[in-house]
Amino acid sequence: MSIVYLNGAFMDAAEARIPVEDRGFLFADGIYEVTPAYRGRFFLMDRHRDRLLKGLCELRIDADTSGLAGVHDRLLRENGLADEEVAYVYLQITRGVAPRTHAFPKAPVAPTVYAFARPYRRPDREVWDRGFEAVMVPDRRWARVDIKTIALLPNVLAQQAAVDAGVADALLVRDGIALEGAHNNFFAVFGETVVTHPKSNVILHGITRGYVVDMARDLGLEVQERPIQVEELARADEAFFTGTTTEVRPTVRIDGRPVGKGGVGPVTRRLFEAFLERVERHAAGG
Ligand code: PDD
């Protein structure tokens, strides 16, 4: 049994009901956030909350977010995940329920707030050590993907293209630039220089991305936040994706071509080790 949160109450997922006129259902008019917890302690919660607040502001959804940290904690407890090595809480807020017209409801309606918790299974170390593959997929998304909206159809289709190709990740490409994954950010490594697309309206400003950028600098690596041309990938030594449900995932082949020597490289390894060390320290109360 899975316990979810819906509009102020905790209940069995099978009991949770959303009216058909919910604007999330009709228009994908809402935003979401996914926050990881390591042994029951939420990681970078403030950054996830700030991105949520920014999204609500951009969409002009007036939601009371004051109790949401408590909702996150309780969802872990209710689902037996408070001691889980890694778990995450998915939170979604839509503009609410109103007769279908494109513009916002004239009289304000209460937003719909839904959240659930799930365990996250990190790949076994042998699997991680072999690395993962990606395929390039044209980016068909709108021009404000920096807002974490629930309108994810192009991401769904891109990830399905990866699944159909038997690989882990989709690398979204637009105008010859490798932007990010369907649900994660993308990095290429040239020697000891780590490169990722700058924060703008064409990528999601991943919380893990920002954390890895800071961590790379702490480790003495050079970081460049600039667009990555697809042609440059032939010269890249390493590549990896980052995200809440990806952590740091090495990419050893893109479209069947090896990245660098075709194995997991030393920079990706160092970053993942440092990431694991830090989340373990966080889990232990540090
Ligand atoms: N995805 N880019 C996209 C398009 C994403 O959807 C995500 C997150 C990221 C990584 O962001 P973060 O490091 O904050 O998780 C980048 C979530 C996990 C999802 O859709 O399930």
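Biologist: Where does the largest pocket lie?
Modeller: The largest pocket lies between domain 1 (3–119) and domain 2 (125–283), because both give residues to its lining. Those bounds come from an automatic or database domain assignment. This is a predicted model, where local features need pLDDT of at least 70 and side-chain atom pairs 80 or more, while totals for chains, interfaces and linings use all residues. Residues are numbered from 1 along each chain, and side-chain values use heavy atoms, without hydrogens or water.

Biologist: What volume does the largest pocket have?
Modeller: About 740 Å³, counted as the space filled by probe spheres set on the grid points. A pocket here is an open set of points on a 1 Å grid where a 1.4 Å probe fits, with protein on both sides within 12 Å along at least five of seven lines.

Biologist: Which residues lie nearest its centre?
Modeller: Tyr-32, Lys-148, Leu-152, Ala-182 and His-183, out of 37 lining residues (an atom within 4 Å of a point). Elements that give two or more residues include strand 3 (30–38), helix 2 (45–59) and strand 14 (238–243). Helix 5 gives the most, with four residues.

Biologist: And how does that lining split by class?
Modeller: There are 17 nonpolar, 14 polar and six charged residues.

Biologist: Which polar side-chain atom lies 2.6 Å from an oxygen atom of the ligand?
Modeller: One from Thr-244. Tyr-32 also has a side-chain N or O atom 2.6 Å from a ligand oxygen. A polar side-chain atom of Lys-148 lies 3.3 Å from a ligand nitrogen.

Biologist: How much of the ligand does the protein bury?
Modeller: The protein buries 91% of the 470 Å² that the ligand exposes when taken alone, by the Shrake-Rupley method with a 1.4 Å probe.

Biologist: Back to pockets. How much space lies in the second largest pocket?
Modeller: About 310 Å³. The second largest pocket is lined by 16 residues, with Arg-47, Lys-199, His-205, Gly-206 and Ile-207 nearest its centre. Helix 6 supplies the largest share of that lining, seven residues. At least three residues come from each of domain 1 and domain 2.

Biologist: How many of its lining residues are charged?
Modeller: In the second largest pocket, 10 are charged, next to three nonpolar and three polar.

Conventions: Ala, Val, Leu, Ile, Met, Phe, Trp, Tyr, Cys and Pro count as nonpolar, Asp, Glu, Lys and Arg as charged, and the others, Gly among them, as polar. A polar contact is a pair of N or O atoms within 3.5 Å; within protein, one must be able to donate a hydrogen and the other to accept it, and residues adjacent in sequence count only if both atoms are side-chain atoms.
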